[in-house]
Amino acid sequence: MEKFENWYNQSPDEALQKLETSNSGLPSEIANKRLEKYGKNELKKEEKKPFIQKLKDQLLDPMILILIAAAIVSFVIGEGVDTLIIIAIVVVNAFLSIYQEGKAEEAIAALQKMSSPKAKVLRGGEQVEIDSADLVPGDVVILETGDVVPADLRLISSSNMQIDESSLTGESVPVEKDYKIKYDDKVEIGDRENLAYSSTIVTYGRGSGVVVETGYNTEIGKIATSISTVGDEQTPLQKKLAKLSKTLGILVIVICIAVMAVGILYKNDPLEMFMTAISLAVAAVPEGLPAIVTIVLSIGMGKMAQRNAIVKKLLAVETLGTTTVICSDKTGTLTQNEMTVTRAFTDGKVFEVSGTGYSPKGDVTIDGQKVSIEDENNLRMLSSIAALTNDAKLKVEGEDATIAGDPTEGALLTFTEKAGGSIVELNKQFERIEEIPFDSDRKMMTTFHDKFFDEKIVSFTKGAPDIVISKCDKILIDGEIKDFTDEERELALEKNTEFARSALRCLAYAFRIHETLPENISSEKIENEMVFVALTGMIDPARPEVRDAIAECKTAGIKPIMITGDYLETGLAIAKDLGIAKSDDEAIMGRELNEMTPEELREVVKHKTVYTRVSPENKVQIVTALKENGHIAAMTGDGVNDAPAIKKGDIGIAMGITGTDVAKSTAEVILTDDNFATIVNAVEEGRIIYSNIKKFVAYLLSCNLGEVLIVLIAILLDVPVPLIPIQLLWLNLVTDSFPALALGVEQGEADIMNEPPRDPNEAIIDKEIRITVAIQSIAITVATLLSYFVGLKWYGMESGVNHARTMAFSTLIICELLRSYTSRSIDKTVFEIGVFTNKKLVLATFVSFLLMLVVIYVPVLNEAFGLMNLGPKEIGVVLGASVIPLVAGEIQKKIRFRKN
Ligand code: ATP
């Protein structure tokens, strides 16, 4: 296989030959061999952080540095065992953090792989979809509007193809492409019309090309040294929590210095006081918070993926929970996108069409009488246009009929067969020689065929009825071309409205005869002065689950909005049926928005819920106005022109099935099932995650504050500190973190979608949390000190202090473990939500409890930790005291419940 610099100097056949391939692509075995030889077609993602770097980052954390200082001080004052324990705890903690961070990274990478770019290739003659990374030189790639070109290609076919090469050349006007051109001389990159470059975008038309270069050998590869991965930026919540940790950190250090000063004033040993202050700092600073948030957000991403929403950025997980309006496409998202033609209007008559789905079983009737193309000239013309101006494929196997391609077009193939036409025959007889592809701005599509009218050329057009009808000046009546009178035009428009009111998706059909194939094939020249033939109306049933999802949105304070390219009456009828709109004045046509000032737009979007005949620019206008009104807007899209609107939305959502590459690569969320209900599920998941984050923040803060209070009060009362440094370290860095993580994966309150969306600027430590933290930390302090003082009383201040400390230590741990159960819900008691319903929490508290037993009962360890075995009497006190915070938490819930 030869490799060239200048593929634009080769004809398609020469290129295929030199690459030892053919029009039907490479066989898979050869492709696999070439993949080994040439490597993956990708620009390497940023290398993962190496383990040593991660370890270094962990150990350079200020908190850890303080601990290392403490270890050194312990060593100097001859507490060698303490030094060892501190170091052991630091190491265990570092490894645990690295492990968890790694897991989160893996999860995110796996999800990102799910949204990795795909390419349509011919392998051994069959069209298959593969990861773009697996493309090799010689592969034949199919390109359609909206595709991102996956490698550098020599085009081998093209039809009206235009490519946006701005990512490569900076030129923002799309470039026309033509496979037939072969240059003899050197041509600059921006002018090579027979090549398509990796990462550029097909904005119009279609074609195919043979891969000539992949990976770093592509033009983009040569200029891009490394493309960084998405998802590594911090979300606002992560930033807020990092800031909170920092502020608390500083506050705590001030407190610790004060504690040390008071301790020394009270004539305690300064070195001992120094150690206590340090362990208190470690106890009180919630240094684990940002890490836990990242882990919980990434677990959330995984859960959303299971519910068919692939979230590409952590940020989106968080923003989803704050969504206040969802702007959704109609076709395929709110509806099933399974079209069936049920009515047609031609020759002044309305025909009914029976049958369901894509199966060609069914009849065309008029007044109950079956008719076919044999009886009706206009019906023959309509079914020909429907079948020929069509890119879909119909596959009938026994009872089952499926389509490949656009469902609207699939329905038309079925219709042609029902009317007695033959798709196969028509396509064989009247081959397509040129076309003007469909686009959602023009809302029309035209194809050219010869031999239809003897030696003449015909262009067939189908598209949005209001537009098509306005471009016709003749009409076909019983097979004869006549002038289009005003009454006939009125009647056609009336029928269109009538169909649309019954929620039917309407298309109109027209044609134009040309003496020869026109030179200039543009919409302005061709889609004019046409002969109007017919209208069809097709049903597209609403997705059954969407009605509930819309109702759920409304109770959750989220406004659902339909944005559609379809006709006003059709959109409105479906919107009313689904519960999006109540009255007719909630609908508006896209073109009305064009005339409005930004102020007027902001006013309009306050009460409109159905936007019809919308252009991609209108979508941007709508989402901009909504955002200016203070909304957090989710915006869906699928087409190549939707990218700006998707980008503009706070949450851009692309359709996984019908979406183009461009839409998918711009969006933050991809719906694998294109379903509106999935968006609502993702919003719910986003809310759950946020409320879980609040729960474990409250949990960790109340535990930490409790520990500070315990030590502080003891020092002020001039009794020995109830917890010595290594005990504080153990319970903070080891036993606390498991339940906190488990709280992060709590299932969520059942009524979470009955509340209005939260304000994205709301402080994470709101009034509710402040009250909870205050009550809980006081309860924890009371319980622990109670146990401690009972111990001191029983065993004496001097000799019995280790006994009392063991009681305080175990009370504190059990308090915190029990408290994690009350933290699970803000208003339901432990019993109402079920004690064992969060299995992860059960496991986490069990492990933490075991770790507590280990340091109390394992011989050498307990000595090192200064702990003693407890007898039944002491255990009784410990258990009794430990339930205090739990009871306080539950009483708090009841009081709040009464108040509300
Ligand atoms: P939504 O925006 O909700 O998905 P839509 O599918 O109607 O709705 P577009 O795909 O932009 O939006 O289509 C706009 C209009 O163009 C349609 O209402 C229809 O009248 C017309 N149209 C759609 N598909 C075709 C097609 N394949 N050929 C010709 N006209 C079409």
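**Reading cavities, a pocket and a ligand shell**

Me: How do the residues of the lining of the largest cavity divide by class?

Reply: The lining of the largest cavity divides into 5 nonpolar, 3 polar and 2 charged residues. Keep in mind that this is a predicted model.

Me: How is empty space found in the first place?

Reply: A probe the size of a water molecule is rolled over the atoms, and this shows where empty space is left. Here the whole structure was searched, and 2 cavities of 30 Å³ or more turned up.

Me: What volume does the largest cavity have, and which residues line it?

Reply: The largest cavity holds about 50 Å³ of space. Its lining includes Val296, Ile299, Gly300 and Lys303. Ile688, Ile689 and Asn692 are also among the lining residues. Gly744, Val745 and Glu746 complete the list.

Me: Which elements supply at least two residues of that lining?

Reply: Two helices do: α10 (289-306) and α25 (676-716). The largest share comes from α10, with 4 residues.

Me: Now the second largest cavity. How much space lies in it, and what lines it?

Reply: The second largest cavity has about 30 Å³ of space. Met339, Thr340, Val341, Val353 and Gly357 are among its lining residues.

Me: Which element gives the most to the lining of the second largest cavity?

Reply: Helix α13 gives the most, with 4 residues. Both α13 (407-418) and strand β10 (340-346) supply at least two.

Me: How does a pocket differ from a cavity when I read the model?

Reply: A probe fits in a cavity but cannot get out, whereas a pocket is an open set. Take the second largest pocket here, with a volume of about 760 Å³. It is lined by 31 residues. Ser691, Lys694, Glu755, Glu768 and Ile826 lie nearest its centre.

Me: Which elements give two or more residues to the lining of that pocket?

Reply: They are α25, α28 (767-795), α29 (801-822) and α33 (872-899). Of the elements, α25 gives the most, with 6 residues. Helix α25 also supplies at least two residues of the lining of the largest cavity.

Me: And by class, how does the lining of the second largest pocket divide?

Reply: It has 7 nonpolar, 10 polar and 14 charged residues.

Me: Let us turn to the ligand. How many residues surround it, and which are the closest?

Reply: The shell has 19 residues. Lys330, Thr331, Glu409, Lys462 and Arg505 are the closest. By class, the shell splits into 5 nonpolar, 5 polar and 9 charged.

Me: Which strands each supply at least two residues of the shell around the ligand?

Reply: Strands β18 (457-463) and β21 (505-514) do. The most comes from β21, with 3 residues.

Me: What share of the ligand's exposed area does the protein bury?

Reply: Taken alone, the ligand exposes 610 Å². The protein buries 90% of that.

Methods
Residues are numbered from 1 along each chain as its sequence is written. This is a predicted model: local features need pLDDT of at least 70, side-chain atom pairs count only at pLDDT 80 or more; totals for chains, interfaces and linings use all residues. Side-chain values use heavy atoms; hydrogens and water are left out. A residue is near a molecule or strand if one of its heavy atoms lies within 4 Å of it. Accessible areas come from the Shrake-Rupley method with a 1.4 Å probe; for residues, only the protein chains shown count as cover. Ala, Val, Leu, Ile, Met, Phe, Trp, Tyr, Cys and Pro count as nonpolar, Asp, Glu, Lys and Arg as charged, and the others, Gly among them, as polar. On a 1 Å grid over the protein atoms alone, a cavity is a set of points where a 1.4 Å probe fits but cannot get out, and a pocket is an open set with protein on both sides within 12 Å along at least five of seven lines; lining residues have an atom within 4 Å of a point. Grid points are joined across faces, edges and corners, and a volume is the space filled by probe spheres set on the points.
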